[in-house]
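Biologist: I am new to this one. Could you walk me through it?

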Amino acid sequence: MKKMFILVAAVLFLSACGMTKEDLGMARSKPDESQVSSRKALVVPPDYNIRP
């Protein structure tokens, strides 16, 4: 019973480490900023200054 407790505690301790999460594939992947900005820039329509 004591060995099982130590094993569970060790697994919980190691899963809290950032590098261990990356190695096991548990960490979320962050988006690449250069890939996100591939959209075209916004353009102001020609009749933007016309009031209703």
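Biologist: How many helices and strands does the protein chain have?
Modeller: Helices (H or I, at least four residues) and strands (E, at least two) are DSSP runs, numbered from the N terminus. In this predicted model, local features need pLDDT of at least 70, side-chain atom pairs count only at pLDDT 80 or more, and totals for chains, interfaces and linings use all residues. Residues are numbered from 1 along each chain as its sequence is written, and side-chain values use heavy atoms, leaving out hydrogens and water. From the N terminus the elements run α-α-α, and the count is 3 helices and 0 strands.

Biologist: What share of the 52 residues is buried?
Modeller: Buried means under 20% relative accessible area (1.4 Å probe, protein chains only). By that cut-off, the buried share of the 52 residues in the protein chain is 0%.

Biologist: In which helix is the confidence highest?
Modeller: Confidence here is pLDDT, the predictor's own score for each residue, from 0 to 100. The chain averages 76, and 77% of its residues score at least 70. Helix α3 (residues 33-36) is lowest at a mean of 68, while the highest, at 83, is α1.

Biologist: Where does L7 sit?
Modeller: Look along residues 2-15. That stretch, with L7 in it, is helix α1.

Technical notes:
Buried means under 20% relative accessible area, exposed over 50%, partly exposed in between (1.4 Å probe, protein chains only).
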